[in-house]
Structure formats: structure tokens, C-alpha cells
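Please look over the sequence and the model below before reading on.

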Amino acid sequence: MATDTLLPKGWELVVGLEVHVELHTRTKMWCGCSTEFGDEPNTNVCPVCTGQPGALPVPNERAIEDATLLGLALAGEVAERCWFHRKNYFYPDLAKNYQISQYDVPLIHDGHLDVEVELADGSVQRRRVGIERLHMEEDTGKSLHVGDTGRLHGADRSLIDYNRCGIPLLEIVSHPDIRDPETAQAYLRELQAIVRAVDVSDARMDQGSIRCDANVSVRRIGEPLGTRTEIKNLNSVRSLGRAVRYEALRQVAAIEDGGTIRMETRHWDEGRGVTETLRVKESVTDYRYFPDPDLVAVTSPAAHVETVRARLPELPTATRQRLLEAGVPRVQAIALVGTDALAVYDDAVARGAEAAAAANWLVGDVAGQLTAEGIELSESGFTGAYLVELLALIEDGTLSTKLAKQVLAGVLVARGAKSPSEVAEAEGLQQVSDEGELRAIVEQVVADNDATVADIRGGNTKAIGALVGQVMRETRGQADPRKTNELLREVIG
Amino acid sequence: MTDPTQATAVELATALSAGEVSAREVVDAHLERIAAVDGIVAHGDVWNAKPAEELTPDQPHAFLAVTAAAARAHADDVDARRAAGEPLGPLAGVPLALKDVLTMRGAPTTCGSRMLEGWEPPYDATVTERLRAADVVVLGKTNMDEFAMGSSTENSAFGGTRNPWDLDRVPGGSSGGSASAVAGLLAPLAIGTDTGGSIRQPAALTGLVGVKPTYGTMSRYGLVAFASSLDQAGPFARTVEDAARLQSVTWGHDPRDATSVPGEVPDLLAGLQDGVAGLKVGVVRELQGEGYEPGVELVFAAALERLAGLGAEIVEVSLPHASYGLPAYYLIAPSEASSNLARFDGVRYGLRVDAPTAEEMNAATRAAGFGPEVKRRIMIGTHALSSGYYDAYYLQASKVRTLIAEDFRSAFEQVDVLVSPTSPSVAFRFGDKTADPLAMYRNDVATVPASLAGIPALSLPAGLAAAPDDPTTSLPVGLQLMAPLKRDDLMYRAAWAFEQATGFAALPTGPRAVSRSVTTQEVR
């Protein structure tokens with residue numbers, strides 16, 4: 001949907017995003033418990049993260065450094081001195097009934113993110129979204145409401161899993177600089193790519209290691225900001241786009257009908273494609289923030305910040321530029337950045353693979369087959385070396401593109417235990433391009449298909465396709481198509 | 001050794017290492033005295049205190065639980081290792097009473113609250129671990145004001161503790177159980193905790209040495225928090241050297257407490273006997289006069305003379321903001337408490353009062369589980385932190401705190417240690433101050449300034465004064481010594497010299513004192 005046609009003329013959309021990122025440090029923010037996702041409930045817990053009386057938090061230095069690294073990747077300023085505050089509120093999955101967070105001085109302030117948005121006319125526009133702050137906090141446990149609706153209201157009872165409680169969490173708050181759903185989506189996608197590039201989180205929306213809430217308002221152009229609603233339960237980049245579109249149109253319609261917008265939190269219903277009131281913010285919740293007396297100030301002297309900055313890897317913008325310069329098409333460059341496939345690409349290219357071909361295979365067939373198999377690239381055993389080998393087998397005519405796809409499937413099924421050559425050999429997948437062998441088959445096919453041959457000789461050259469098909473059948477698809485064509489023309493004369 | 005319960009920790013340690021008595025004999029002697037006098041149901045592995053309504057007026061009720069079986073097993077283990085010639089720590093085999101606010105596996109940690117009645121902690125506090133590592137034998141857990149909020153131990157949900165000097169009077173608080181245990185010869189040593197005076201004031205009221213070490217030198221890991229920026233565990237003992245030895249085996253940096261001060265702590269014993277000659281002792285102008293009982297003032301004046309007689313140079317100094325200490329303290333401590341005590345919600349441990357929704361369950365549990373003083377402080381703290389009041393209350397109090405710390409810094413540029421009375425009054429009767437919270441809070445007027453500044457402070461017996469309401473009863477008066485940050489050694493040195501000069505025998509005497517004759521069998 002083209003941006004400028006979303007809202008009626010004279011209206012403007014204003015969006016700010018709050019993104020939470022769970023760091024993938026080995027241990028939690030305040031204790032030595034594992035952060036592993038998906039373990040049995042309440043197995044990664046201890047007196048500290050379950051808030052036992054007398055237990056005390058000790059900061060995870062690595063988490064603070066990772067947060068600093070991400071802050072620098074977002075062009076942010078690092079506070080020389082900052083504090084942890086307690087955010088007080090009662091909720092059963094919050095073990096201490098306060099969340100350790102940051103308040104007046106966040107670890108990182110005043111950053112920005114540049115995103116590229118493709119416009120309706122196909123041109124690409126670069127937009128800058130300001131980042132107000134990045135602060136550190138801790139994740140909560142998970143409540144499971146048993147019975148009735150599955151939500152808290154009307155549940156028979158609630159079960160709480162504290163495995164997630166105390167996992168280091170970053171909150172990244174953008175300025176309300178976003179004016180269309182596409183930019184919101186591009187921001188989230190780019191942030192995800194940066195988080196992965198600096199390798200501080202898996203940033204998986206499906207596992208909740210990156211979560212996004214959207215603050216949405218509309219106004220008549222030139223007027224002050226309208227009342228905003230906060231949209232929750234956005235489970236994918238696509239949901240974000242759909243929800244923002246829906247909410248913007250809903251707000252404009254409500255105002256044009258003479259209504260007003262309430263300050264409220266709304267829930268995105270993915271199935272029905274609508275936002276619904278979750279809770280109304282009649283007054284600002286008083287969290288009674290105060291400096292956590294169990295913790296001391298976090299200091300980041302300039303020298304330390306520079307040490308962290310030196311750890312910054314190549315960031316997505318630079319990576320995309322490098323790929324484009326290497327001849328990778330734009331769409332594929334965008335698709336590769338921020339995924340595991342980038343490392344395989346880099347490895348393959350370093351081993352001599354042709355950039356565009358390597359990217360094409362990774363973004364196309366490799367990604368496609370992995371999705372179909374439901375496995376991750378990291379667990380597939382597929383490497384840069386294998387990609388180089390596969391491309392070489394195509395290049396020297398041993399494999400057709402079609403056969404190469406079959407070989408790839410074999411490599412993935414074996415989880416990398418067999419190389420492409422080994423798979424081709426074991427399964428007898430090789431192009432028949434031996435001239436003598438192929439000529440005999442071609443001559444037989446020509447002899448068996450008088451009518452078609454006559455048709456071709458009569459000028460219907462397209463009919464040669466049927467004969468190529470016959471040869472392919474005879475060779476179980478392993479005939480070199482180019483050579484088969486040549487020989488057919490030669491034999492038919 | 002005729003009666004181990006009358007011996008100091010150093011005397012016991014000497015006799016133990018000489019083989020004159022076994023750790024088991026020492027522990028048994030104390031267990032028997034506890035069983036005889038304290039109002040304990042002495043059977044099973046863990047002995048429990050009788051319900052308050054079953055206690056008689058001659059029972060101090062110092063202990064809430066006595067870990068008899070574990071104490072005996074530990075004593076036997078110490079004896080076995082001593083017999084095998086293993087090197088043991090200086091206090092190995094010496095018994096101790098632990099305030100029920102520090103976690104220890106194998107017995108409940110209640111904090112004197114219905115909220116945690118029966119809760120067995122899944123882990124040991126660092127202080128508990130270090131006591132164990134030093135082979136100090138923990139006898140049990142002592143009574144206290146609920147969540148350490150109080151100055152008389154009357155706020156315990158399990159009934160008050162009596163002062164061994166006069167069983168009709170309070171032992172002070174909040175560590176009243178620990179003080180009563182040591183003063184009543186139920187243990188030679190105890191650990192208490194001090195947030196605004198909760199070790200020093202009961203030490204003063206029961207004639208003991210009680211110490212609040214420099215903030216951050218005693219790990220708070222496993223100390224159930226009242227006010228995190230102020231809470232500090234510390235020793236109770238009948239002599240200065242006993243206290244110094246106990247502090248020496250329990251303090252020092254702990255990586256599990258982020259507020260633990262880094263680096264080495266000073267040696268408390270090396271210079272202990274160096275005396276006070278040439279030491280400059282500052283008398284705090286603001287911590288005397290109005291509000292202090294005449295008897296307390298008299299003993300304090302005599303103490304100054306004695307210090308001067310020992311060669312100390314006495315000068316008057318001013319802490320201009322000290323008088324704001326009490327109001328600042330009673331904003332900061334409840335503010336932190338309101339957040340610290342939020343975790344008691346019925347979800348994970350302790351009391352749960354069932355109700356249809358989680359929110360109602362939280363509310364019903366907290367309504368039933370907390371006593372009135374705890375509720376009062378949660379409400380004060382919640383208000384002081386709330387939006388619109390934060391600047392006027394919590395923030396302003398924090399600024400006062402900084403000014404008081406500055407006052408102390410300047411004072412310590414002029415003098416080596418500071419002195420004041422520990423408490424404005426001697427031990428008072430049950431119920432005297434319960435009707436008026438502010439009267440109770442004023443007990444802490446002399447102790448909170450050091451708490452707010454984080455500096456070390458010690459109370460030791462300075463002499464006896466007649467009770468203002470009963471001239472026939474003489475009660476102990478405490479002298480408070482304060483030293484610069486991490487100069488606990490200096491304070492101990494001055495205290496030792498004073499103690500030697502006064503020869504105060506910290507044993508309760510008087511018509512209504514706890515019986516000293518109900519002792520144990522003769523132990524050889």
C-alpha cells in the first residue's frame with residue numbers, strides 16, 4: 001500500500017515504537033541462572049530470580065557491555081554514569097513486585113536508525129528515525145492462565161514460570177518520527193538486523209526475544225500531536241504493518257465521526273485483523289520509581305566506551321552496500337543481511353564463489369528448502385564450502401540446476417554429513433553429457449518418433465521440446481539439456 | 001570450667017582449645033539453660049518457642065526457634081576435628097544466637113512476622129555461611145520486631161522479649177531477642193541487624209557491646225531487607241574483644257552483595273589494646289541535652305571524664321544537620337521498606353489467604369500477614385515515593401542524608417572518634433511507648449545519624465542509672481562510639497580501653513533480673 005494514500009487527504013499518521021530485546025547472555029541479569037529458551041518450567045531459577053527474602057541482585061557485566069555495544073550501533077550516546085531504579089507494581093509473574101529498570105538516566109540516549117523504504121514507484125528513500133533512549137531492565141516470568149479463555153480474566157487458576165524472570169532486557173524507545181506503516185516495518189526489520197549483526201540477541205519475534213509495541217496517533221497536518229494509543233501483541237513485522245494501518249484508519253474514522261481517541265492500550269487481534277481495547281489509561285500509573293538501594297551506579301568511562309566501540313562489527317547498511325558492490329541484486333542483499341545465511345555467503349565468497357550466484361542460492365533454494373524442512377540453517381550443516389562445491393558442479397556441467405536442487409536436498413537431509421559431490425555420487429545424480437552415450441539415446445528417440453520428426457522437418461521447430469523430454473525420460477533427467485538439443489538438431493538434420 | 005554459660009567467648013575459646021571443655025559440653029550447657037528459662041518447648045530437632053499466651057513473666061522469650069539437634073551435631077563435628085588435630089578457627093565451638101532476619105537452612109526464618117511463619121529458606125545467608133565456616137555453633141533464631149521495625153521488640157508477631165535486667169522491661173529493638181539472649185546468659189555471642197540503631201540501642205538497654213560495622217562490610221546476602229541502604233548485621237557480646245572477634249570472622253567483601261565495599265577490611269585485633277592516650281574524642285553537641293534522661297546524661301558525663309583520665313583529648317564538635325537525622329531516616333527507611341516488602345504477596349512463599357483473584361489474594365494476605373507497625377511504615381513509604389510527593393519527601397530526605405555524611409566527614413577532620421549516649425533512655429516498661437509511634441521513634445535519635453552516613457558505630461556499657469520510674473532499679477546506660485568509614489578498628493580500640501578502665505561486669509543484677517541460679521549442671 002502506498003504510503004501517501006493510506007489516510008484521507010490532510011491527515012498525518014504519527015508512530016513511535018517501543019522495542020524490547022532479550023539479550024542472549026549465558027546467564028541472567030542478576031544471578032547465575034541459565035537463559036535457555038524452552039526449558040522445563042521453573043528449572044532455571046534460584047533465590048535471586050524468584051525474589052526469595054534476603055536474596056540480592058548482582059549486575060551481569062556482560063549484559064551491560066552488550067547493551068552498550070547495541071547502543072553504539074544505534075549511534076547513541078553512552079551515559080558516563082547511570083543508575084538502576086525500581087519500578088514498583090504488583091503482578092504475580094514479577095517475583096519481587098518491582099522491576100529493576102532505569103528511569104531518569106538511561107544507559108544510552110540520543111541515537112538514531114536509518115531505514116530504507118521502497119516507495120510505490122519503486123524508488124528507494126532513506127529515512128532517519130530518532131532513538132530517544134535505550135535502557136536496561138529485567139524480563140518478567142510468564143503466567144499461564146488455566147481454564148476459560150486462557151486470559152487472566154475468568155481463569156480458574158494461574159501457573160507461573162519464572163525461567164524468563166530476570167533475563168536481561170533492553171527497551172529501545174524511538175521518537176515519534178515515523179509517518180507511515182512501511183517505515184515502521186522497515187525500522188523494526190533494520191533494528192532486528194542490527195541486533196543480530198552485533199550478536200547480542202537472537203532477536204526472534206516468534207520466541208519473544210524481540211518484542212514491539214507501537215504508539216499510534218493521527219492528526220490533521222500542521223496540528224499538534226493527537227492522543228495516542230499503544231498497540232500490543234504484535235508478533236511479526238507483518239502484524240506491525242497491518243496493525244498500524246488498521247489503527248490509523250480507525251482513529252481517523254472515529255475523529256471524522258465526531259468522536260475522540262482515548263488514551264488506552266489496545267490488543268492486536270491477528271486473526272480478525274482489528275485492534276481492541278485492552279485497558280484504558282485513565283491516569284498515569286504511579287510506579288514510584290526510586291534508585292534501587294541494592295545496586296550501585298553503572299559507570300562507563302570514555303576509555304571503556306571506546307573499548308566496546310572497537311568490538312562493533314560491520315553493520316547492516318555497510319553490509320548491504322558491500323553486497324551490492326559485489327553484484328548481488330538489491331532484493332537479495334536486503335534478504336541476506338541480518339540472517340545466518342550472511343556468514344555462509346561470506347565464507348563461500350571468500351572461497352571463490354561468484355557473489356550473485358551464492359546469494360541467489362542462499363536466498364532462494366537454500367532458504368526455501370530449510371523452511372520446507374522446518375530447520376534452521378545453523379542446524380543444517382550447510383556451509384560456505386558446500387555452496388562453493390555445488391556451484392562448481394553446476395559450472396563444470398556435472399549438475400544441471402534441477403539436479404543441483406536435488407543434491408542440495410540430499411545435503412540438507414544428511415544435515416551436512418555428506419558433501420554435494422558425495423550426494424551426487426551416492427544417488428547417481430550426474431548429467432549425461434558423454435557424447436557417445438547421449439548420441440545413441442538421441443538416435444533411438446528420433447527413430448521411435450517418426451511423426452514428430454516429420455513435423456519438425458516441416459518447420460515446427462518447437463516440437464523439438466517433446467523429443468528433449470523423451471531423452472530426459474530415458475536418462476532419468478540426467479541428460480545435459482544443452483547438449484541434447486544440439487544432438488537432436490544434428491541427427492534430425 | 002564450672003559454668004560455660006557465664007564465660008565470655010574468648011574464655012570459652014581458650015578452654016576449648018586447651019581441651020578443658022568440649023564444644024558439645026559448651027553447647028549442651030547453653031541448650032539446657034535455654035530449655036530451663038526461655039519458655040521453649042524443648043523437644044524434637046528444632047525447639048520452638050511457646051505461643052505468647054503460654055509464656056510466663058519470668059521467661060525472656062529470646063529465642064523463636066532453637067536448632068538443638070543441628071547445634072549438637074555441629075559441636076560434635078568440631079570436637080572430632082579438634083581431636084584429629086585439624087586447624088580450627090579462633091571461635092570454633094563457641095555458641096551463638098542468630099537474629100531471625102538472617103536466612104539459615106534447617107529452621108524457619110520468620111522475621112518476627114506471621115507473613116513468614118514456618119517459611120524455611122532454601123539458602124544460607126553469607127553471614128550464616130561464614131559463621132559455619134568459622135565453626136561458630138548457631139543455637140537458634142532470636143526474636144525481633146516484625147521485619148526489624150521497632151525499638152522494643154514489642155512488634156514481634158510472636159510476643160515481646162523481656163530484658164534480663166528487669167523482666168518487666170523491654171530489651172530494646174529490633175534485635176531484642178539477640179540482646180536478651182546474650183545478656184541473659186543463653187549465648188555468649190549473637191548476631192543482630194542494625195538499620196537505625198537496632199543493635200546499638202538494645203545493646204545499651206541490656207548492658208552489652210553491640211556494633212553496627214561500616215555499611216557494606218557485612219554482607220546483606222540473606223538478610224531479609226528492611227531498608228537496604230541502611231541494613232547492616234553486626235555482633236552482640238559481653239566484652240569488646242568478643243565482639244571484635246565475632247566481627248572479624250563474619251565481615252569482609254562478598255561478591256553476592258553489590259553494595260559490599262571492595263578491598264580489605266582493617267584488622268580489629270592488632271591494635272585493640274593500644275589505648276586512647278593522645279586520641280581526639282569528639283562529643284557531639286547535637287546528641288545530648290533535651291530528650292535525654294538525666295540518669296543517662298550523668299553516666300555519659302562520667303564516661304567523658306574517664307576517657308579524659310585515660311589520656312584522650314575531649315573536644316566538642318557539631319554535626320549541624322544531625323537533628324534532621326530522625327525525620328530523614330523515617331522517610332528513607334519506610335520508602336525502601338515499602339518496596340522491599342512488596343514481595344510478600346502470597347504467591348511464592350509464606351502466608352497465603354485465598355481469594356477469588358490474584359489481586360484480592362495479595363491484598364487479603366498482606367492485610368492478615370503484616371502487623372500494624374509494618375503496615376504504618378509501608379503506607380508512609382508508599383506515600384513518600386508517590387508522584388507529587390517524591391521531591392518533598394524521599395528526595396529531600398536523601399539530600400539531608402548527604403549533608404549528614406558531610407557533617408561527619410568534617411568532624412572526622414578534627415577528631416579521631418565521636419561519642420554520644422547510645423539511647424536517650426534506659427530500658428522502659430512494656431507498653432510505655434506503644435501507644436505513641438513518635439515516642440518510640442525518638443529512641444533512635446542518637447543512632448540514626450551514623451546509619452545515614454554509613455559509618456561504623458558501637459555501643460558499650462558506660463555504667464548504671466536509676467530507672468526514672470523506679471529509683472530502686474538500676475539499669476545499664478550505653479556509650480556510643482562512632483568512627484570514620486572503614487575505621488571500625490579505631491572505634492574498637494577506644495571501646496576496649498574504656499571497658500578495661502570501667503570494669504563493667506555485664507551481668508544482670510536486681511530484684512527482677514533473669515535468674516542466674518537456674519543454670520546448668522556442673523560441666524567439667
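How many residues of chain B are in contact with chain A? This is a predicted model, in which local features need pLDDT of at least 70 and side-chain atom pairs count only at pLDDT 80 or more, while totals for chains, interfaces and linings use all residues. Residues are numbered from 1 along each chain as its sequence is written, and chains are lettered from A and ligands numbered from 1 in the order in which they are written.

The answer is that 35 residues of chain B are in contact with 26 residues of chain A, where contact requires C-beta atoms, placed from the backbone, to lie within 7 Å. Helix 9 of chain B gives the most to this side of chain B, with three residues; helices here are DSSP runs of H or I with at least four residues, strands are runs of E with at least two, and both are numbered from the N terminus.

| Strands of chain A | Direction | Bridges |
|---|---|---|
| Strand 12 (residues 229–234) and strand 13 (residues 264–269) | parallel | four |
| Strand 13 and strand 14 (residues 274–280) | antiparallel | six |

Within strand 13 of chain A, A:Thr265 is the bridge partner of A:Glu230, and A:Thr265 also has A:Arg279 of strand 14 as a bridge partner. The hairpin of strand 13 and strand 14 of chain A has four residues between the strands, and there A:Gly273 takes a positive phi near 70°.

Methods:
Two residues are in contact if their C-beta atoms, placed from the backbone, lie within 7 Å. Two strands pair if DSSP finds at least two bridges between them.
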